[in-house]
Amino acid sequence: MSGYLVEDTRKVTTSRLKEMKAEGKKIAMLTSYDYTTAKIVDEAGVDVILIGDSASNVMAGNLTTLPITLDQMIYHAQSVSLAAKRAFVVCDMPFGSYQVDEKEAVRNAIRIMKETRCDAVKIEGGIEIIDAVKRIIDAGIPVCGHLGLTPQSINKFGTYAVRAKEEAEAQKLLSDVKVLAEAGCCAIVVEKIPAALTKQAVESVDIPIIGIGGGQADGQVLVIDDMLGKNKGFAPKFLRRYADLHTIMTDAIGAYVSDVKSGDFPNEKECY
Ligand code: KIV
């Protein structure tokens, strides 16, 4: 495949992810929600593309991830899947699509796989949703877990503060990591937990643990709009900004507005 920034352009699969952990090769995961961005992300060498339900915040402007629907997630995932040739593509199951019962969960996961051609689904929670996880995996669908700060439960937590600082919650998280791995999950995202706890999680299972605000892990994930600096107001400690797209885009759009207003755009070369 041409245009790729990485030498190994083989399609990333569940077995490759496990191999990467065994070989000590870090996994780079990033969100995407549209075709053009996903194509850049794929060609830049990101191993796993997540169609996160963070689309609810960054695409739709909602305060939480709760309002996004299954149909809206499928729309975003269809565009991303078309673009991603190398990356393993994971689609978040949105709030309400897997909590009611296992049958509904597996039906919705099948819809995602059929209609989007994604490689896996991601579900928030541990032992509470393990029956749904097992049914989905039994249907042949890879599942990525998500523990620690699980944004779909924000109304229960009441805060986006670091999770699992207390011993009881830390022990529950480690037990959930084992339960999800034993059920056959292909990876687990751990969000906003102490780095020492992430290390214990990494050492306790042979599937990749992907961190966001969790310190060193088998891999890392970030929300693309945040790491590209599109969103000026969001600056948690864990976020590294790799660009200042807010300034770049504002300057470019400002220049366009001024060229249109002055009559400078279009010039003779830009006309038919
Ligand atoms: O929805 C999302 O983008 C996520 C990541 C923050 C892991 O779940």
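These are my notebook entries on one predicted model.

**Ground rules**

I'm working from a predicted model, where local features need pLDDT of at least 70, side-chain atom pairs count only at pLDDT 80 or more, and totals for chains, interfaces and linings use all residues. Residues are numbered from 1 along each chain as its sequence is written, and side-chain values use heavy atoms, with hydrogens and water left out.

**Entry 1: the barrel**

I began with the strands. I take helices (H or I, at least four residues) and strands (E, at least two) as DSSP runs numbered from the N terminus, and two strands pair if DSSP finds at least two bridges between them. Strands of a sheet pair through backbone hydrogen bonds, either parallel or antiparallel.

In what order do the strands close into a barrel? I read it as E1-E2-E3-E4-E5-E6-E7-E8, eight strands with parallel pairing. From one strand to the next, the twist averages 25 degrees (axes are lines fitted to C-alpha atoms, for helices over the stretch in contact, and angles run from 0 to 180 degrees between N-to-C directions).

Next I looked up some of the pairings:

- E1 (residues 27–31) runs parallel to E8 (residues 219–222), with four bridges; here alanine 28 faces glutamine 220.
- E7 (residues 209–212) is also parallel to E8, over two bridges, and isoleucine 210 is opposite glycine 219.
- E2 (residues 48–51) is joined to E3 by four bridges, again parallel, with isoleucine 51 across from cysteine 91.

Then I went looking for holes. On a 1 Å grid over the protein atoms alone, a cavity is a set of points where a 1.4 Å probe fits but cannot get out; a pocket is an open set with protein on both sides within 12 Å along at least five of seven lines; lining residues have an atom within 4 Å of a point. Grid points are joined across faces, edges and corners, and a volume is the space filled by probe spheres set on the points.

The largest pocket holds about 600 Å³. I found 30 residues in its lining, with Ser54, Pro151, Glu191, Val223 and Phe234 nearest the centre. E1, helix H3 (55–58), E4 (120–124), E6 (187–191) and E8 each give two or more residues to this lining.

How many cavities of 30 Å³ or more does the whole structure have? I got one, and the volume of the largest cavity is about 50 Å³. Among the residues lining this cavity are Leu17, Ile27, Phe88 and Ile210. E1 and E3 (88–92) each supply at least two of the lining residues.

I noted a cis peptide bond between phenylalanine 265 and proline 266, with omega about 0 degrees. Proline 266 is in the segment after helix H11 (245–262).

Arginine 117 has a positive phi, near 60 degrees, without being a glycine. I found arginine 117 in the loop between helix H5 (102–116) and E4.
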